[in-house]
Amino acid sequence: MEDFLQIAGANYRSRLIVGTGKYKDFEETKRAIEVSGAEIVTVAVRRVNITDPNKENLLDYLDPKKYTILPNTAGCYNAEDAVRTCRLAREAGVGKMVKLEVIGDDKTLFPDIPATLDAAKILVKEGFVVLPYITDDPITAKKLEDIGCAAVMPLAAPIGSGLGIRNPYNIRIILEHAKVPVIVDAGVGTASDAAIAMEMGCHGVLMNTAIASAKDPILMAEAMRQGIEAGRKAYLAGRIPKKLYATASSPLDGVLN
Amino acid sequence: MKPYSLATLCGCCGYGFFISMKIAVNGEAKEIANGLNLDGLLEQLQIRPARVVVELNRNIVSRDAYSTTMLVEGDKLEIVHFVGGG
């Protein structure tokens with residue numbers, strides 16, 4: 001059975017979206033991403049270092065023909081900067097899909113929701129495929145979907161915290177009402193966190209630190225791929241209900257007496 | 001175009017007839033030869049055009065317009081590219 005993550009009409013086999021930050025070097029970035037099986041990878045937009053322009057470029061290691069490049073607006077603290085960053089990213093010629101994040105505070109890195117809504121309105125109007133990073137708030141998710149965002153991306157926990165899904169109930173409510181993919185973005189720490197998100201019925205998980213900052217990023221990339229796949233399959237298979245008391249697995253008939 | 005009175009004599013070559021002008025690239029002051037276009041600037045900075053996006057005074061310049069975009073005194077340029085990020 002074919003099972004795709006569908007975003008704005010495009011089909012992706014992998015439900016794992018990975019970031020490209022915090023790796024030791026581009027070679028490690030490339031290997032981890034290959035092993036993760038991810039087809040969508042996030043990147044940030046930054047000034048070129050004009051005093052040392054000959055440094056290698058990330059895209060020399062990540063072929064945009066092979067991967068869907070998802071530029072983010074990390075580091076933007078208002079709607080104007082986020083929109084400006086998206087326009088610059090689009091000009092780079094890697095498509096019109098963007099990860100919108102308008103940061104509210106540099107200690108929590110929680111999103112500034114009013115600014116995210118403002119930026120999303122402009123970006124959708126300009127034809128961007130907008131994937132917004134949001135808090136795990138069903139109302140915000142609904143508003144962004146109504147604006148025309150192609151997915152909603154509630155955080156599991158603060159970016160880079162590795163705490164896992166702190167409020168599964170909110171994620172469940174978001175899932176129940178959303179008509180666009182729900183992608184858990186940020187806060188995943190290990191493979192079981194990713195599996196839990198997928199078992200709940202989330203459509204995908206976006207992560208960076210959990211892989212890049214693991215002791216062995218390549219091995220963790222593999223674990224995350226398997227965690228995502230296991231969780232997705234468990235969700236599709238339909239888990240048994242939780243019960244307080246035992247139910248025997250072996251037949252009761254024919255027991256010796 | 002700004003008048004020549006705003007431009008300064010190039011300090012590096014010593015020739016009086018070689019006029020230079022001041023621009024800002026990624027927040028850093030740069031002195032460049034008068035009459036340089038965007039293509040020429042990127043070449044001087046050893047930046048591959050295919051891997052960057054350029055914003056001139058807050059307006060994005062498309063790649064096919066680099067050779068026809070003449071730089072003038074006081075221009076503010078942002079040259080960006082993709083880096084690792086989440």
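Close-up 1. Arg225(A) is partly exposed, because its relative accessibility is 26% (buried means under 20% relative accessible area, exposed over 50%, and partly exposed in between, using a 1.4 Å probe and protein chains only). Glu229(A) is also partly exposed, at 37%. This is a predicted model, in which local features need pLDDT of at least 70 and side-chain atom pairs count only at pLDDT 80 or more, while totals for chains, interfaces and linings use all residues. Residues are numbered from 1 along each chain as its sequence is written, chains are lettered from A and ligands numbered from 1 in the order in which they are written, and side-chain values use heavy atoms, with hydrogens and water left out.

The two side chains form a salt bridge, with their closest N and O atoms 3.8 Å apart (a salt bridge is a side-chain nitrogen of Lys or Arg within 4 Å of a carboxyl oxygen of Asp or Glu).

**Close-up 2. Asp3(A) meets Arg15(A) in a salt bridge.** Here the closest N and O atoms are 2.9 Å apart. Asp3(A) sits in the segment before strand 1 (5-7), and Arg15(A) in the loop between strand 2 (10-12) and strand 3 (16-18), 12 residues apart. Asp3(A) is partly exposed at 22%, whereas Arg15(A) is buried at 5%.

**Close-up 3. Asp3(A) also pairs with Arg232(A).** This salt bridge has an N to O distance of 2.9 Å. Arg232(A) belongs to helix 8 (residues 217-237) and Asp3(A) to the segment before strand 1, so the pair ties together parts 229 residues apart in sequence. Arg232(A) counts as buried, because its relative accessible area is 12%. Over all chains, the count of salt bridges comes to 13.

Close-up 4. Cys76(A) is buried at 6% relative accessibility, and Cys202(A) is buried at 0%.

Notes:
Helix = DSSP H or I, 4+ residues; strand = E, 2+ residues; numbered from the N terminus.
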